[in-house]
Amino acid sequence: MTANWSYPTAIRFGAGRIAEIAEACRAAGISRPLLVTDRGLAGMEITTRTLDLLNEGGLGAALFAEVDPNPNERNVAAGLQVYRDGGHDGVVAFGGGSGLDLGKVLAFMAGQTRPLWDFEDIGDWWTRADAAAIHPIVAVPTTAGTGSEVGRASVITNSETAEKKIIFHPRILPSVVICDPELTVGMPRSITAGTGMDAFAHCLEAYCSPHYHPMSQGIALEGLRLVAENLRTAYDAPTNLTARAEMMSAAMMGATAFQKGLGAIHAISHPIGAMHHTHHGTTNAVVMLPVLRFNRPAVEDRLARAAAYLGVSGGFDGFYDFVGQLNADLGIPANLTELGVRDPDMDRITASALADPSCGGNPVQMTAENTRPLLESCF
Ligand SMILES: [Zn+2]
């Protein structure tokens, strides 16, 4: 499976294509890249090899890896310092969601004079940015879930308020993406499961969102199928490159589709992750069944169609049971308590969920009255 795509951006897809990293940087107009990734990935072979490839390609081998699992404004400030001191002219955003999101924000902020939170995804705040001052980005995903490599936003946690904020700009979309499934084979199994279910959650919430967007609808449906047919294989046989490649496609499809909207899964998962530092995709998987029950009146027919497409019998109930079995097969905890969320501040989580932009795409309107019981049913 090898392909070059130009939708939604330039994507070099196929095993071994990380070898093209230096040329991809040049294609993006980068001659002195800063590779941005998280601490866990910094010492791994796929990262050192990528740095070697950049070095051999004459582009230097600069690394910034002071990135928390939920990247925050302190990581942004530290990264910008390194970026400016090193005279860099573009970013290689490398990793799972943390490295990709922080790398994208560094390239975005490199030439801005206003503070980070001025660019939160509220109304038209993105127009405050000097678009010409945004530096180019090459994205290299090493997981298959977030889809941030084809996204126009980054999620950054405000560590003072423990809130996840979305930084949005159309030009945060990386100009070149290298999708090399070989980079994902070394993921811990729990991360394969959690990130894979994040891709599923993106497709599911986009598919269920009531907004009119038939293109996203089609992409989300096929993304659901790719996860349904390949995530177990990627989990059970980590070196199966076909399953890994299909999961990489599904991840990009999820992120492309959720322009249509997300929903209660993400609205709940964001505050839980910000306050309790849980894994984003795994948290989504844990709250998926309660949210499906909550949304049932609005999505019963729609999910019956999805079930039929996936080859699952039984309509909505069949789809619901399918998700439950998938979670069980992947070792996903049964509820948020099992995930390790202790002493939750239910009032605060409820308020944050209702303030989260994701809740606008939920097919059942979320209110103070119905969201608190929904949250309780996740424990
Ligand atoms: Zn997500």
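How many aromatic pairs does a search of the whole structure find? The search turns up 5 aromatic pairs, where rings of Phe, Tyr and Trp (its six-membered ring) pair if their centres lie within 6.5 Å. This is a predicted model, so local features need pLDDT of at least 70 and side-chain atom pairs count only at pLDDT 80 or more, while totals for chains, interfaces and linings use all residues. Residues are numbered from 1 along each chain as its sequence is written, and side-chain values use heavy atoms, with hydrogens and water left out.

**View 1. W5 and F13 form a tilted pair.** Their ring centres sit 4.8 Å apart with the planes at 35°, and that makes them tilted because planes under 30 degrees apart count as stacked, over 60 as edge-to-face and the rest as tilted. W5 is partly exposed at 36% relative accessible area, whereas F13 is buried at 2% (buried is under 20%, exposed over 50%, partly exposed in between; 1.4 Å probe, protein chains only).

**View 2. F200 and F319 are stacked.** Here the centres are 6.2 Å apart and the planes meet at 15°. F200 belongs to helix α6 (residues 189-208) and F319 to helix α11 (residues 315-329), so this pair ties together parts 119 residues apart in sequence. Helices here are DSSP runs (H or I, at least four residues), numbered from the N terminus. F200 is buried at 0% relative accessibility, and F319 is buried at 1%.

**View 3. R128 lies over the face of W125.** The distance to the ring centre is 4.1 Å. A charge counts as over a ring if NZ of Lys or CZ of Arg is within 6 Å of the ring centre and within 35 degrees of the ring normal.

**View 4. R189 lies over the face of Y235.** R189 is 4.1 Å from the ring centre.

Technical notes:
Helices (H or I, at least four residues) and strands (E, at least two) are DSSP runs, numbered from the N terminus.
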